[in-house]
Amino acid sequence: MVKQAKAQRILTHDQIWVALDRLAARAGLSPSGLAKRAGLDPTTFNRSKRVTSDGRERWPSTESIAKALAAAGASIDGFARLVDDDAGDGRSVPLLGFAQAGASGAFDESGHPSGKGWSEIALPTAEDGQAFALEISGDALLPAYRDGDIILVSPAAPIRKGDRVVVKTRTDEVTIATLRRRTAKALDLQALDASQAARTLAAADVAWVARIVWASQ
């Protein structure tokens, strides 16, 4: 009897990074939070570090993976399971950089992800099938959100006074703020930096508004 050779499986760039995202999520962290806990530069696992400026794929080092596993209290066998395409736990959501959120075509008229540029990330709280994630870049939203933080946004979640929300205007401006009041005619917003003045948007100028339901620490 001739034994059939087992098909070889090739590890892909996307698989290894998705596994690191899942590892961070299971530890209740963003990728940058996991890197920081592992004693690495906080940007080590950020999406901006995964592809070079000339388009070449950048892989995490074995040393950084080992440190991440130790920080998350996970084994190499457990990481191998996370690498598997079927290892998802149904909690992966679309991910886009906040800086790209204002690009035309990134969302449909209802505020759901659309078009190119989206990837995926595993998060510990993503039961909402309409939820998506945004990765903060830069320091403009300090102290509320830091560079590399991930926020989970739900277009379906009810919005109440005092909630932090993402608002997209019809001119493609995307803002994160605290909701002060919402009426049929206007949206009153307070900047995350309390020293900044409140802002009122006419309802007719708002494309959509969605609540932030989770943020990485």
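The legends below describe close-up views of a predicted model.

Local features are reported where pLDDT is at least 70 and side-chain atom pairs where pLDDT is 80 or more, whereas totals for chains, interfaces and linings use all residues. Residues are numbered from 1 along each chain as its sequence is written, and side-chain values use heavy atoms, with hydrogens and water left out.

**View 1. Overview of the protein, with four helices and nine strands.** Helices (H or I, at least four residues) and strands (E, at least two) are DSSP runs, numbered from the N terminus. From that terminus the elements run α-α-α-α-β-β-β-β-β-β-β-β-β. The protein has 217 residues, of which 42% are buried; buried means under 20% relative accessible area, exposed over 50%, and partly exposed in between, with a 1.4 Å probe and protein chains only. Its accessible surface comes to about 12100 Å², and carbon and sulfur atoms hold 50% of this. Such areas come from the Shrake-Rupley method with a 1.4 Å probe; for residues, only the protein chains shown count as cover. Among the contacts (heavy atoms within 4.5 Å) with a separation of 6 or more, 60% are between residues 24 or more positions apart.

**View 2. The open sheet of nine strands.** The strand order is S2-S1-S3-S4-S9-S5-S6-S7-S8, with mixed pairing; two strands pair if DSSP finds at least two bridges between them. Strands S2 (119-122) and S8 (199-202) stand at the edges with a single partner strand each, so one side of each lacks a neighbour in the sheet. From one strand to the next, the twist averages 45°. Axes are lines fitted to C-alpha atoms, for helices over the stretch in contact, and angles run from 0 to 180 degrees between N-to-C directions.

**View 3. Strands S1 and S2 with helix H1.** Strand S1 (residues 92-97) and S2 run antiparallel and are joined by four bridges. Pro94 has Glu120 in S2 as its bridge partner. Helix H1 (residues 13-26) packs on the sheet and touches both S1 and S2, its direction making about 35° with that of S2.

**View 4. Strand S9 and its partners S4 and S5.** Eight of the 10 residues of S9 are buried, and the strand is mostly covered. Strand S4 (residues 150-154) is antiparallel to S9, with four bridges joining them; Leu152 is bridged to Trp214 of S9. Strand S5 (residues 164-169) also pairs with S9 in the antiparallel sense, over five bridges, and here Val165 has Arg211 of S9 as its bridge partner.

**View 5. The aromatic pair of Trp17 and Phe45.** Rings of Phe, Tyr and Trp (its six-membered ring) pair if their centres lie within 6.5 Å; planes under 30 degrees apart count as stacked, over 60 as edge-to-face and the rest as tilted. By this rule there are six aromatic pairs. Trp17 and Phe45 are edge-to-face, at 6.2 Å centre to centre with 70° between the planes. Trp17 belongs to helix H1 and Phe45 to the loop between helix H2 (31-37) and helix H3 (62-72), 28 residues apart. Both Trp17 and Phe45 are buried.

**View 6. The aromatic pair of Phe132 and Trp208.** These rings are edge-to-face, at 6.2 Å centre to centre with 85° between the planes. Phe132 lies in strand S3 (residues 132-135) and Trp208 in strand S9 (residues 206-215), so the pair ties together parts that are 76 residues apart in sequence. Phe132 counts as buried because its relative accessibility is 0%; Trp208, at 7%, also counts as buried. Ring pairs link Phe132 and Trp208 with Phe107 and Trp118 into a cluster.
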